[in-house]
Amino acid sequence: MPPFTSYSQLYRGAVETLTQAGIANARHEALWILEDALGIPRLQLYANPGMPVDAEVCQRAVALFQRRALHEPLQYVIGTQDFFGLDFFVQPGVLIPRPETELLVEEAIGLLGADARPVILDIGTGSGCLAISLAVNLPGAVIIASDKSVSALHLARVNAMRHGVAQRILWVAGDLLSHLLSGNLAGKVTAIIANLPYISHAEWEHLSPDVKDFEPRLALDGGPDGLDVYRRLLDESPGLVSSKGFILMEVGVGQADLLCREPSLTNAFKVVKIRPDSQGIPRVVCVQRRLV
Ligand SMILES: C[S@@+](CC[C@H](N)C(=O)[O-])C[C@H]1O[C@@H](n2cnc3c(N)ncnc32)[C@H](O)[C@@H]1O
């Protein structure tokens, strides 16, 4: 892209670059990126199309457009994503929060809202979007957030500081629940909230390049049928979840029924709800610990 001297030139150049790269929503995305690079709201940009752009800002904006033209997700390019009404920092190496995952928060608030001091475990916290939304909306909750990825935990903590709840969340690195089973949490967890990897190997082949080439495989790959990580979670959970406590899990297309028939689920838990998303896909599976 050549150097541009005004905002409107920069905008036109960006739309052309993004359109040529096959970005569907080129005009809209060009504006998002410009707002971010210039640090100016779009209304101000609309009002002053001839506004001069200095060389350094122009270079920064062009670098962002070029990243997007290579199909890096827009959220990584601008560095943020909204989730449950809160703004989260996102960065390569950590999954971008998805709108359907907000259903997990709604269900958790519905189940735990009346509990004065629920103990909530967010397994696979990623950007921290679940743990942080729950901390903000359930002020009495004790929250533990865990992930195998240390860079995800670092980003989650930064997001928690941004929303003033970092001190209310205990951050732990580890593989699923193994590192928590020997502590004093045994039998005390009111609810496990999990959006663990659930992409099957067949689906992996059809993921868009924006996802497959840029988002972390650790956050997505759930094994041959997508349920390997959830099977392990269900095997390890009975020792932690309290009598009548819950596990809330996000799943993909066609997986809710399969998961509900898993022996590791039926032996210790009963299904209390399956919540569809806005497209009618059964998305959230809520199970309750049988009396022990
Ligand atoms: C689908 S992402 C969800 C991230 C975030 N909770 C959200 O909803 O946006 C799954 C997360 O689980 C983590 N993860 C994958 N396997 C794990 C394991 N065995 N133990 C702990 N965390 C794991 C990944 O690092 C990733 O952050």
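1. The model is a predicted one, in which local features need pLDDT of at least 70 and side-chain atom pairs count only at pLDDT 80 or more, while totals for chains, interfaces and linings use all residues. Residues are numbered from 1 along each chain as its sequence is written.

2. Taken along the principal axes, the C-alpha atoms of the protein fill a box of roughly 70 × 40 × 30 Å. The secondary structure comes to 14 helices and nine strands, where helices (H or I, at least four residues) and strands (E, at least two) are DSSP runs numbered from the N terminus. Of the 292 residues in the protein, 39% are buried; a residue is buried if 20 or more other C-beta atoms, placed from the backbone, lie within 10 Å of its own, exposed if 12 or fewer do, and partly exposed in between.

3. The domain assignment gives domain 1 (7-70) and domain 2 (81-289), with bounds that come from an automatic or database assignment. The centres of domain 1 and domain 2, taken over C-alpha atoms, are separated by 35 Å. Among contacts between residues at least 6 apart in sequence, 66% join residues at least 24 apart, a contact being a pair of residues whose C-beta atoms, placed from the backbone, lie within 7 Å.

4. Helix α1 (residues 7-20) and helix α2 (residues 26-38) have axes that come within 9 Å and cross at roughly 130°; axes are lines fitted to C-alpha atoms, for helices over the stretch in contact, and angles run from 0 to 180 degrees between N-to-C directions. α1 and α2 are therefore oblique to each other, given that angles under 35 degrees count as roughly parallel, over 145 as roughly antiparallel, 65 to 115 as roughly perpendicular and the rest as oblique. On the α1 side the contact is made by L10, Y11, A14, V15, L18 and T19, which meet A26, R27, E29, A30, I33 and L34 in α2. These residues divide into nine nonpolar, one polar and two charged, with Ala, Val, Leu, Ile, Met, Phe, Trp, Tyr, Cys and Pro counted as nonpolar, Asp, Glu, Lys and Arg as charged, and the others, Gly among them, as polar.

5. The axes of α2 and α4 also come within 9 Å, crossing at roughly 140°, and that angle makes α2 oblique to α4. From α2 the contact draws on E29, I33, L34, A37 and L38, and from α4 on V57, R60, A61, L64, F65 and R68. By class, the contact of α2 with α4 has eight nonpolar, no polar and three charged residues.

6. Two residues other than glycine deserve a look for their positive phi values. H71, with phi near 75°, lies in the loop between α4 (55-69) and α5 (74-78), and H71 is partly exposed because 16 other C-beta atoms lie within 10 Å. F84 has a positive phi of about 50° and is found in the loop between β1 (80-83) and β2 (86-89); with 20 C-beta neighbours inside 10 Å, F84 counts as buried.

7. A141 sits in the loop between α7 (129-137) and β4 (142-147) and is buried, because 25 other C-beta atoms lie within 10 Å. Leaving aside neighbours within four places in sequence, A141 is in contact with P118, I120, L134 and A135. The C-alpha atoms of A141 and V119 are separated by 6.0 Å, although these residues are 22 apart along the chain.

Technical notes
Contact = placed C-beta atoms within 7 Å.
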